[in-house]
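Here is a quick tour of the side-chain contacts in this model.

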Amino acid sequence: MKRAIVLAGGGAKGSYQFGFWRAIRELGIDFQIVTGSSVGSLNGALMASGLYESGLEMWSTIKTPDIIETAPSRLSEVIDTEGIAGALKSFLGDLGESAVNVKMDPFPLGGLIAKYLDEKLLRESGIDFGIMCSEYPNMKMHPVTLPEIPYGMLGEYLLASSTVYPSMEPRSIGGKKYVDGGYSDNFPVNLALDMGAEDIIGVNLCASGLEAKYETDYPVRVIRPKFDLGPTMEFVPEIAKRNIALGYNDTMRSFGKLDGTCYTFEKGEGEKMQKDFEKFCVDMLIKCGAVPRSEKDSYHKSLAVKGLSEKRKERLGLMHKNLAVVCAETAAETFFIDPTVIYSAESLGNALLREFTPFEEKDENPMAAVFSAPKPLNYKLGQINGLDSRDIIAYLVSLWLSVAGGETPNRDLRTLCRFIPKEFFASLYISFLKIKGE
């Protein structure tokens, strides 16, 4: 069976793919084919060559001037670049404005390729390697496999696959011009299939660019970042370090070696969190009227939990196993807890309570002010949109603690579970942590 690694393009976001590589090295996952587009082709060449340490050094040290030289584009003197930048934004994302307003020279990138890549080593590795370029000006896909690249020309093709037009000039090779692979297929799964792949693991950076549709009966596992990886063309070692950690965590979760859905927990912690949280959660949902007592055993199918699963894009059928993790992660995102750390239930709980405390101790809570006013419910719900979610959660926690203390549930709770399910369940989890810690 031939296994392929498929690496998408995405500029500086590509550091994430080295976290993926670190993980599959630890897992002992081998591969026989590597394909890539744009930065994925550069990482792919390193991966196919086995140059993990060299690539890690590169990503840990490079800064934007090491990749490109920039200068103001003179295009704006000729045409209205503002309109073009807006049109390109849907395709190029955060790169849209730079693509027409900044002139980029990839000359430094050529030096990096020469420094960190060994073409001879790549050709002798036994790994089949392919990259995606786009023909200019028709932007047709132009896949190229290593045997098709003349010896000594690998660097030119890697630069062609990474040429962001119109900010960079098309790359001329053999009388033809080429630009970034993202203009035709930024995630070259089809190229891997054409090269004989029977099992595919892809790392999609969720960056700008076109992606060709693919159909196959062979297994395809795609790993995608759960958190923003930063600007496409800002190469910063600190951001790269963060992205490498995220890539590692996401990959280990994908293979079931760590727990969590977007944050990462030690193996077994997810089950422990669910066991500890479930009874408290069900009791509170029943008390506030979000779940009828007669449906206590199927609480995970309630409208309240369904609303959370939809907002979080989690499968409803798994919420009976994952609700605690999803609630904890929702709270963690809201309070900007570091997603690169591998947590235990206790360590994440401590981090959450530490960040929550300043909002709990505020003299005046904006959410409390809104809901104590003698205004219609529709008015109050409309005011929520302008509030900080952390203030909303602090207000809801005060209501949950009152309910847990034996007071009659505030009728707002049942209403709010439908309108702000993320804050509703995040506050429920933080309330659980506070009561548990008393």
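A salt bridge here is a side-chain nitrogen of Lys or Arg within 4 Å of a carboxyl oxygen of Asp or Glu. With that cut-off, the structure holds 16 salt bridges. A word on provenance: this is a predicted model, where local features need pLDDT of at least 70, side-chain atom pairs count only at pLDDT 80 or more, and totals for chains, interfaces and linings use all residues. Residues are numbered from 1 along each chain as its sequence is written, and side-chain values use heavy atoms, with hydrogens and water left out.

**Charged pairs**

| Lys2 | Asp128 | 3.5 Å |

To place them, helices (H or I, at least four residues) and strands (E, at least two) are taken as DSSP runs, numbered from the N terminus. The salt bridge between Lys2 and Asp128 links distant parts of the chain: Lys2 sits in the segment before β1 (3-7), Asp128 belongs to strand β5 (residues 128-136), and 126 residues separate them.

Lys272 and Asp276, by contrast, both lie in helix α12 (residues 269-287), 4 residues apart, or about one turn of the helix.

How much solvent do these side chains see? For relative accessible area, buried means under 20%, exposed over 50%, and partly exposed in between (1.4 Å probe, protein chains only). Lys2 is partly exposed at 34%, and Asp128 is partly exposed at 31%. Arg171 comes in at 22%, partly exposed, and Glu156 at 26%, also partly exposed.

**Rings**

Rings of Phe, Tyr and Trp (its six-membered ring) pair if their centres lie within 6.5 Å; planes under 30 degrees apart count as stacked, over 60 as edge-to-face and the rest as tilted. Searching the whole structure this way turns up 17 aromatic pairs. One of them is Phe18 with Tyr52, a stacked pair at 6.0 Å centre to centre and 25° between the planes. Phe18 is in helix α1 (residues 16-27) and Tyr52 in helix α3 (residues 52-61), so the pair ties together parts 34 residues apart in sequence. Phe18 is buried, at 1% relative accessible area, and Tyr52 is buried at 8%.

Tyr52 also has a charge over its face: Arg25, at 4.0 Å from the ring centre. The rule is that NZ of Lys or CZ of Arg must be within 6 Å of the ring centre and within 35 degrees of the ring normal. Lys375 likewise has its charged end over the ring of Tyr379, 5.2 Å from the centre.

Elsewhere, ring pairs join Phe277, Phe280, Tyr429 and Phe432 into a cluster.

**Cysteines**

How many disulfides are there, counting pairs of cysteine sulfur atoms within 2.5 Å? The count is 0. The sulfur of Cys262 has its closest cysteine sulfur in Cys327, 12 Å away, too far for a bond. For Cys417, the closest cysteine sulfur is in Cys288 at 6.1 Å, again too far for a bond. Cys262 is buried at 6% relative accessible area, and Cys417 is buried at 5%.

Definitions and conventions:
A disulfide is a pair of cysteine sulfur atoms within 2.5 Å.
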